[in-house]
Amino acid sequence: MYFNGQLAIDPSEETLVEKVRPTKVFGRMLYYLTAGGLSDREEQETFTAVAILQQLNMALRSMGVTNIVRLTKDQYDFYFDEQGLEDDLKDAMEQFQMETDYYESELFEALYLVVEHADQELTYLIEIEIDRLHPPDVYPIIITVNGTANDFAQQPGESADSLRQRMEPVFQAQDAYEQFQRRKEAHFSDFISRLNQAVATYIKCDDVRQTLDTRVIRPREPVDRPEQLQERRTGANTPPLFHGYHGFDAFFLYAWMWSSMSFHHNIHYHDVSVVDEQGQTVFDVGAAGFHAGESNTLNPEADFESPPTSDVEYHADHSYQDGLEQTVSDQEAGAESGESSSWLDFGGDSGDSEASCSSCSSCSSCGGI
């Protein structure tokens, strides 16, 4: 079990809306024949890289968040902490400002910032994506926060059996499990609310969309060693915890053991999301829920099964999709994944020399950010 929150932010800045020229051959023909009348639009934010990072720096530091993990500008890693340095956010921000001239700052396409923080209850990874160019219905600043329970951080030299013994009291009774989940959820929610307020203090916003959910990983096989986590990092566009940043495997290992212990103790699951080994959501379960021990839904020692309940909303684009029961039509699954293949689309043709990658989240060259 771990916790996930997201803030989608629409800053109060002047925004330019421009036509996007298509890259497909027939799309380009249509574009010129109609004088661009049928083209898509995209919004271009007017804030500079230095300005928006200064505002975020002040917001984060006001909450005591001072440890930076990564800072990327247009797929180039400007800063990447691979040693676990502490209190380095201010220095990294000042260095970025000194080494980035106004022209570069004004014409950036995307920024990617990852910071870490911990309090008495949870350890957090905070991922901030800033896209100066974006579709009109997508906000330019997305803050994703993952939180892990400090109670079960693996200690140096601690065995998997010892870690399970420390986790055991949570699973001994349903009431104990519920109390643990509610306490951590409340603490995580409070942190997200304070982060929201801090951002709003330093960045004028027209709107902020906030979402929160509790997540459980369902591995394909039992996991009880940090080395196994490294073997599973193959996906792109994964949540912050799944990137393997320095030192976080010790805080994250327990979450990979969670589904197995839930299965063996027949925990009643409700109001959570189940994700695959890349952090992609397989399904959300509602208030009615299901008992983990009554199927192999959460049993990593067996093939995945859909849960024995109708109180489930399935998702597309995850590693269990082929083996999952067909509960939604192919058309609905395609719509949910956002795929399309019309020759009028403004994406790239196969072999089209003008097609290019325009989204950092789809590039393997930058680690899938």
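The tour below starts with the overall view and then visits strands, single residues and a pair of helices.

**Before you click**

This is a predicted model, in which local features need pLDDT of at least 70 and side-chain atom pairs count only at pLDDT 80 or more, while totals for chains, interfaces and linings use all residues. Residues are numbered from 1 along each chain as its sequence is written, and side-chain values use heavy atoms, with hydrogens and water left out.

**Stop 1: the whole protein**

Show everything as a cartoon. The protein has nine helices and 15 strands; these are DSSP runs numbered from the N terminus, with helices being H or I of at least four residues and strands E of at least two. Of the 369 residues, 48% are buried (under 20% relative accessible area with a 1.4 Å probe, protein chains only; exposed is over 50% and partly exposed lies in between). Among contacts (heavy atoms within 4.5 Å) with a separation of 6 or more, 69% are between residues 24 or more positions apart.

**Stop 2: the open sheet**

Now colour the strands of the ten-stranded open sheet, whose order is β5-β4-β6-β7-β9-β1-β10-β12-β13-β15 with mixed pairing. Strands pair here if DSSP finds at least two bridges between them. At the edges you will find β5 (76-80) and β15 (312-314), each pairing on one side only. On average, neighbouring strands of this sheet are turned by 20° against each other, direction ignored.

Select β1 (residues 2-11) together with β10 (residues 205-217): ten bridges pair them in the antiparallel sense. Gly5 has Leu212 of β10 as its bridge partner.

**Stop 3: β4 and its surroundings**

Move to β4, which is joined by six bridges to the antiparallel strand β6 (residues 110-118). Asn67 stands opposite Glu116 of β6. Bring in helix α2 too: α2 lies across β4, β6, β7 (122-131) and β9 (141-149), running at about 10° to β6.

Then pick Thr66, in the loop between α2 (49-62) and β4 (67-73). Is Thr66 buried or exposed? Its relative accessible area is 18%, so Thr66 is buried. Apart from neighbours within four places in sequence, Thr66 contacts Arg61, Asp87, Asp88 and Leu89.

**Stop 4: His268**

Select His268, which sits in strand β11 (residues 268-269). Beyond neighbours within four places in sequence, His268 is in contact with Gln174, Ala287, Ala288, Gly289, Phe290 and His291. Draw a C-alpha to C-alpha distance from His268 to Glu294: the two are 9.8 Å apart in space and 26 residues apart in sequence.

**Stop 5: two helices**

Finish with α5 (residues 160-171) and α8 (residues 249-264), whose axes come within 11 Å and cross at roughly 60°. The axes are lines fitted to C-alpha atoms, for helices over the stretch in contact, with angles from 0 to 180 degrees between N-to-C directions. α5 and α8 are therefore oblique to each other (angles under 35 degrees count as roughly parallel, over 145 as roughly antiparallel, 65 to 115 as roughly perpendicular and the rest as oblique).

Show the side chains of Ala160, Leu163, Arg164, Met167, Glu168, Val170 and Phe171 on α5, and of Leu253, Tyr254, Met257, Trp258, Met261 and Ser262 on α8: these make the contact.
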